[in-house]
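My notes follow, in the order I looked things up.

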Amino acid sequence: MKTIEELKNEGLMSLHLYRVLLRGVGSDTRFWSRGKYRWEVEPANGNELTVKDIFDIWTEEELLKWKGMGQKTFN
């Protein structure tokens with residue numbers, strides 16, 4: 001299965017969707033420790049995630065709440 005970076009480079013994924021996914025993955029608070037300004041665990045490298053990985057980690061409802069991810073972009 002191809003990563004989202006490979007899909008973007010092949011033109012199969014828009015740059016907008018690619019940026020939305022990376023921003024959403026990087027801002028997920030599950031990767032932050034409570035009350036600290038450092039990473040508790042290293043966040044997943046968004047470039048290396050596949051579409052299946054994204055749907056395994058986040059629900060459709062969570063994805064639609066990400067900034068820039070509307071129903072049109074999601075589809």
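First, a reminder to myself: pLDDT is the predictor's confidence in each residue, on a scale from 0 to 100. I need that here, as this is a predicted model.

**Confidence.** I looked up the overall figure and got a mean pLDDT of 79 for the protein, with 76% of its residues at 70 or more. Then I went through the helices. Confidence is highest in α1, at a mean of 90, and lowest in helix α5 (residues 71–74), at 81.

**Core.** Next I asked which residues have the most contacts inside the largest nonpolar core. They are Met-13, Leu-21, Ile-54, Trp-58, Trp-66 and Met-69, in a core of 15 residues. I then checked where the core residues come from: α1 (4–9) and α2 each supply at least two. The largest share, 5 residues, comes from α2.

**Met-69.** Leaving aside residues up to four places away in sequence, Met-69 touches Leu-17, Val-20, Leu-21, Leu-63, Leu-64 and Phe-74. Of these, Leu-21 is also among the core residues with the most contacts.

**Aromatics.** I went looking for ring pairs and the count came to 1. The partners are Trp-58 and Trp-66, with 5.3 Å between ring centres and 75° between the planes. That makes the pair edge-to-face, because the angle is over 60 degrees. I checked burial too, and both Trp-58 and Trp-66 are buried.

**A lysine over a ring.** I also noted Lys-8, which lies over the face of Tyr-18 at 4.8 Å from the ring centre.

**Phe-74.** Back to the contact list of Met-69, which includes Phe-74. I find Phe-74 in helix α5, the helix where confidence is lowest. With residues up to four places away in sequence left out, Phe-74 touches Phe-55, Glu-60, Leu-63, Leu-64 and Met-69.

**Thr-50.** Last stop was a loop. Thr-50 is in the one between α2 (15–26) and α3 (51–57). Is Thr-50 buried or exposed? It counts as buried, because its relative accessibility is 11% and the cut-off is under 20%. I then asked which residues Thr-50 touches. Not counting those up to four places away in sequence, I get Met-1, Lys-2, Thr-3 and Ile-4.

Technical notes:
Residues numbered from 1 in each chain as written. Predicted model: local features only at pLDDT ≥ 70, side-chain atom pairs only at ≥ 80, totals over all residues. Heavy atoms only, no water. Helix = DSSP H or I, 4+ residues; strand = E, 2+ residues; numbered from the N terminus. Buried < 20%, exposed > 50% of the residue type's maximum accessible area, 1.4 Å probe, protein only. Contact = heavy atoms within 4.5 Å. Core = buried A, V, L, I, M, F, W, Y, C linked by side-chain atoms within 4.5 Å. Phe/Tyr/Trp six-rings, centres within 6.5 Å; stacked < 30°, edge-to-face > 60°. Lys NZ or Arg CZ within 6 Å of the ring centre and 35° of its normal.
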